[in-house]
Amino acid sequence: MSDNRVRVLSVLVEDGPNTLSKVSGVIRRRGFHVLSITVGPSPEPGYSRLTLQVDHGHAEADQVRKQLERLVEVVEVEDLTGHDVHSRELVVAHVAASDLSGLLEKGAKLLYSGESGATVEFAGDGGEVGEFVDELKRHGVKDVVRSGPVVMRRTA
Amino acid sequence: MVLEALEREGVELIFGYPGGANLPIYQRLPGHPKLKHILVRHEQGAAHMADGYARACGRPGVVFATSGPGALNLVTGLCTAYMDSVPMIAITGQVNSTQVGRDAFQESDVIGATSSVTKHSYLVTNIKQLPRVIHEAFHIATTGRPGPVLIDICKDVQQAEADNVPPERLEIPGYKPNGHADLDQAKAAAIALAGAERPVVLAGHGVLLSHAEAELRELAERAAAPVGTTLLGIGAFPVNHPLSLHMTGFMGTGWNLKAVQNADVLMMVGMRVDDRVTAKLADFAPKVKTFIHIDIDGSEMGKNVRPQIELVADAKQALNAMIPHLPELEKSRGTWLAQIDAWREEHPLRYTHSNGHLQPQDVLIDMYKRCRNEAIVVADVGQNQIWAALWWNYDRPGLFLNSGGSGTMGFALPAAIGAKFARPELPVWCVAGEGGFVMTAQELSVAVEHQLDVKIVLLNNFSLGMVRQFQDDFYGGVRSQVDLTHMPDFVKLADAYGLPAVRVDKFSEIGPAMDAAERTKGPFLIDFRIDPEANVYPIVPLGKSLNDFWEAPDK
């Protein structure tokens with residue numbers, strides 16, 4: 001798996017019981033590989049927005065978009081790879097340390113603090129989140145969950 | 001409500017099998033005498049019949065099956081239709097909506113099991129969805145690149161009552177089936193083709209689905225460009241036309257492969273350019289400077305071969321957009337066409353016929369002399385399929401039906417039955433090997449029950465011939481699990497099912513047996529005991545390039 005085979009796609013889909021399995025099914029059987037997936041409601045009722053990071057394997061890069069577009073449940077696919085985007089990922093972590101200054105300096109928000117330690121959240125782009133996770137290790141991280149990115153094209 | 005909706009879509013014929021989860025539909029069926037239902041003997045047979053029906057007449061084939069095993073028995077048939085872009089509607093019963101997910105009796109995840117072999121699918125859990133879903137399903141199955149659509153209907157929905165009014169306008173925001181050729185690209189394609197020194201056009205199933213045979217011919221004649229077809233494109237261009245290259249691909253004709261491998265411009269119309277067409281991809285058409293690809297499905301562009309000029313469009317529309325930009329070029333192509341003629345002389349189709357055995361090609365040549373282009377040939381999969389493809393000179397679409405992409409053994413008999421229902425005025429010949437034939441032979445009952453004029457030409461070589469040939473030629477000569485000497489006596493088998501049959505061992509018996517088949521009303525079977533060593537030629541060794549085709553040995 002190499003970075004230059006990764007596509008970042010923003011996909012508008014119809015809500016429905018079959019949608020997610022059909023999207024993931026296409027990715028699997030075309031030999032692609034999902035690195036991250038986030039799903040949330042779109043402003044329009046009945047539609048959801050997926051953000052996908054997909055390794056396109058041996059296929060042409062554009063095949064991921066084309067194969068997803070063949071699905072009737074998929075309304076629109078935007079390939080954001082290499083575009084100027086806002087890419088934001090959420091991290092929630094539980095740490096043992098009581099001194100949280102290093103995390104708070106990076107912009108973490110304290111969600112909970114108690115005898116067993118503290119829970120913080122952080123949002124940032126991929127690089128910032130990576131640095132934040134490294135910083136967590138210095139604070140005795142007990143548990144960490146990451147959302148995978150949501151991506152939006154920057155407007156001029 | 002299901003049946004009324006089908007009537008509204010113009011359905012006349014259904015192939016199906018009842019069971020627990022579709023009983024409510026079957027209960028109402030006698031109240032709909034306009035819907036003729038054919039009771040099959042296995043659901044796979046129903047799917048292939050619907051497929052053969054659709055291929056023969058262009059209308060979508062309709063299949064009923066119950067939940068669980070009934071629906072899962074359709075999977076091979078759905079895949080066969082999906083791979084070859086055949087419009088089909090499969091309506092399966094599902095357990096009650098309140099039982100879904102509880103591992104109820106005969107429950108299976110049919111949507112999950114069929115998603116990869118359907119163009120689209122629906123699980124209907126509420127009666128209010130049903131009118132829209134059925135209307136949408138027919139639209140999706142038959143438009144753009146056609147394909148099978150499955151509707152899985154919970155049993156309680158089948159029993160429910162509601163207003164049965166489909167929406168006046170379909171709104172499917174994620175479905176954009178009709179690409180229109182970019183006119184600049186069409187002009188660029190025409191200029192590239194006209195300017196080529198050594199042009200070749202290859203035509204696939206998309207040309208037939210789009211009814212673009214006349215446009216293809218006009219384009220070829222104006223551009224003086226030779227035309228080959230894929231296995232599924234047979235009928236898109238007359239085989240006896242002077243510009244015909246006959247069939248392409250790894251079992252295509254020698255002169256076709258020579259032309260493809262030496263072309264400087266290769267235009268591919270309505271085809272997927274799969275591995276059976278390209279053989280070794282890295283060596284496919286190596287001298288081509290400009291690949292032109294026309295297909296209605298944009299995802300085919302660059303999936304296997306990256307075109308320099310792409311037209312995502314219906315074949316007819318794209319060809320029509322190109323034709324006005326083509327000057328008449330017949331005279332200036334002399335050298336290239338003469339070269340192709342020389343290759344045709346040098347690499348003719350030929351076969352062994354001096355070893356005392358009955359040769360399959362002799363059978364097919366006799367059939368062709370009788371039928372010319374006034375019959376439908378439905379082939380199974382294997383050697384029989386390639387012989388039937390190469391040794392007939394099909395000049396029109398819809399005369400040669402076979403499972404190309406999926407290569408489904410057992411396709412021929414049920415598909416021939418479906419084709420006969422679709423085109424009762426045409427003789428239908430089913431060409432099969434004995435291996436594939438026994439996979440769906442139970443459908444003989446359907447042919448007998450409805451006294452269908454389907455003539456079964458069994459090319460019986462007592463083995464899985466294509467696999468045997470591959471083992472002999474490409475797998476060290478180790479014959480492993482291909483021996484089929486223990487098979488039923490096919491004449492007695494036919495008798496048990498109630499149709500007449502004869503056995504043929506000698507060349508001289510071909511004519512009388514064919515006479516008997518043609519004289520007989522209703523189904524007829526001929527068990528041709530052919531040369532057990534007969535092979536398909538030309539053939540490209542697995543993994544090799546199209547340049548490396550083998551020809552029939554001189555004997």
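This is a predicted model: local features need pLDDT of at least 70, side-chain atom pairs count only at pLDDT 80 or more; totals for chains, interfaces and linings use all residues.

Trainee: Which way do the side chains of β13(B) point?

Mentor: Strand β13(B) covers residues 376-379, with Ile376(B) and Val378(B) pointing one way and Val377(B) and Ala379(B) the other way.

Trainee: Why do they alternate?

Mentor: In a regular strand, side chains alternate between the two faces of the sheet.

Trainee: And are these four buried or exposed?

Mentor: Ile376(B), Val377(B), Val378(B) and Ala379(B) are all buried.

Trainee: How many bridges link β13(B) with β15(B)?

Mentor: There are four bridges, in the parallel sense, between β13(B) and β15(B), the latter being residues 428-433. Within this pairing, Val378(B) is opposite Cys430(B).

Trainee: What about β14(B), in which sense does that strand pair with β13(B)?

Mentor: Strand β14(B), residues 400-401, also pairs with β13(B) in the parallel sense, over two bridges. Here Phe400(B) stands opposite Val377(B).

Trainee: Changing topic, how many residues are in contact between chains A and B?

Mentor: In chain A 18 residues are in contact with 15 residues of chain B. On the chain A side, α1 (19-29), α2 (63-69) and β4 (74-79) each give two or more residues, and α1(A) gives the most, with four.

Trainee: What is the make-up of that side by class?

Mentor: The side of chain A that touches chain B has eight charged, five polar and five nonpolar residues.

Technical notes: Residues are numbered from 1 along each chain as its sequence is written. Chains are lettered from A and ligands numbered from 1 in the order in which they are written. A residue is buried if 20 or more other C-beta atoms lie within 10 Å of its own, exposed if 12 or fewer, and partly exposed in between; C-beta atoms are placed from the backbone. Two strands pair if DSSP finds at least two bridges between them. Two residues are in contact if their C-beta atoms, placed from the backbone, lie within 7 Å. Ala, Val, Leu, Ile, Met, Phe, Trp, Tyr, Cys and Pro count as nonpolar, Asp, Glu, Lys and Arg as charged, and the others, Gly among them, as polar.
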